[in-house]
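Here's a short tour of a protein for you to follow with the sequence and the 3D picture side by side. Take a look first, then read on.

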Amino acid sequence: MIIVLLGPPGAGKGTQAEPVAQRLGIPKIATGDVLRAAVREGTPMGKAAQGYMDRGELVPDAVILGIMKETFTRPEMARGVILDGVVRTVPQAEGLERVLGELGRQVDAVLLFEVPDDELVRRLSGRTICDRCQTPFTGREPGTPCPKCGGTLVRRKDDDPDAVRRRLRVYRDQTAPVIDWYRTNGTPLLAVDAVGSPADVTERVVRALPK
Ligand code: AMP
């Protein structure tokens, strides 16, 4: 099963990707994690992406489609995958459909995470992320240990107020149209109320998915 997690920054896609993937017994891939690792390692892709990411803008679609093509050559993706942070533009939706079509596959469901704007800003301004396992947390201070792997919690550069405002605008302008694209294309679009404890939201997600 190939599942796209869609929703604004701060909606909890990164928090839910792992537990949902575990429940379904499939891997997850987060384009933001792949790009942040590339920036840390100073690869050509990382160097090209860093400026966009720091400003809270989207990296070019071609970079994302390159990551998708590479992802679907891996044998562990044969049973399915949770896609966290991609698709974010209509050209990405079209490109992903092409990549999957060549493999005789398709997106099976799009999960739409719904959270009011003021809650998103509250979550993002209090968010830290583990510098090792990349798990996001709300309400834990930078510099404290990651409860999951012992790494160190840090603030993301693009969680500063200016970048957050830009990312919410980018979501409205470039990512929200993807919802209609999938609706028109007939892919099951499943709305999930993403306000509540992470465990409750995981249950809602699993219940919403086709069996
Ligand atoms: P995320 O961790 O999903 O919030 O992504 C962090 C940043 O990585 C975004 O603000 C973008 O700059 C970049 N990024 C991640 N996924 C994509 C994507 N599918 N398309 C364009 N840019 C992306």
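## Ground rules

A residue is called buried if its relative accessible area is under 20%, exposed if over 50%, and partly exposed in between, using a 1.4 Å probe and protein chains only. Helices (H or I, at least four residues) and strands (E, at least two) are DSSP runs, numbered from the N terminus.

This is a predicted model, where local features need pLDDT of at least 70 and side-chain atom pairs count only at pLDDT 80 or more, while totals for chains, interfaces and linings use all residues. Residues are numbered from 1 along each chain as its sequence is written, and side-chain values use heavy atoms, with hydrogens and water left out.

## A strand wrapped up on both sides

Let's start with strand β1, residues 2-6. Five of its five residues are buried, so β1 is largely enclosed by the rest of the structure.

What does β1 pair with? Two strands pair if DSSP finds at least two bridges between them. Strand β3 (residues 81-84) runs parallel to β1 and is joined to it by four bridges; Leu83 in β3 is the bridge partner of Val4. Strand β4 (residues 109-114) is also parallel to β1, again with four bridges, and here Leu5 has Leu111 as its bridge partner.

Strand β5 (residues 127-130) and β6 run antiparallel and share three bridges.

## Who's around the ligand?

A residue is near a molecule if one of its heavy atoms lies within 4 Å of it. There are 16 residues around the ligand, and Thr31, Glu57, Gly85, Arg88 and Gln92 come nearest. Helix α2 (residues 31-41) gives the most to this shell, with four residues. Sorted by type, the shell has six nonpolar, four polar and six charged residues. For that sorting, Ala, Val, Leu, Ile, Met, Phe, Trp, Tyr, Cys and Pro count as nonpolar, Asp, Glu, Lys and Arg as charged, and the others, Gly among them, as polar.

Now zoom in on the nitrogen atoms of the ligand. One nitrogen atom is 3.1 Å from a polar backbone atom of Val59, and a polar backbone atom of Gly85 is 2.9 Å from a ligand nitrogen. Gln92 uses its side chain instead, with a polar atom 2.8 Å from a nitrogen atom of the ligand. The protein covers 94% of the 480 Å² of accessible area that the ligand has on its own (areas come from the Shrake-Rupley method with a 1.4 Å probe; for residues, only the protein chains shown count as cover).

## Charged pairs

A salt bridge is a side-chain nitrogen of Lys or Arg within 4 Å of a carboxyl oxygen of Asp or Glu. How many are there by this rule? The count comes to 18 salt bridges. One of them joins Glu57, from the ligand's surroundings, to Arg55 at 3.2 Å, N to O. Arg55 is partly exposed at 38% relative accessibility, and so is Glu57 at 32%.

Glu76 and Arg74 form another salt bridge, at 3.6 Å. Both are partly exposed, Glu76 with a relative accessible area of 43% and Arg74 with 27%. Then there's Asp162 with Arg165, at 2.8 Å. Asp162 and Arg165 are three residues apart in helix α7 (residues 161-185), which means about one helical turn separates them. You'll also find a network of salt bridges that links Arg127, Arg156, Asp158, Asp159 and Arg167.

## One more helix to visit

How values were computed:
A polar contact is a pair of N or O atoms within 3.5 Å; within protein, one must be able to donate a hydrogen and the other to accept it, and residues adjacent in sequence count only if both atoms are side-chain atoms.
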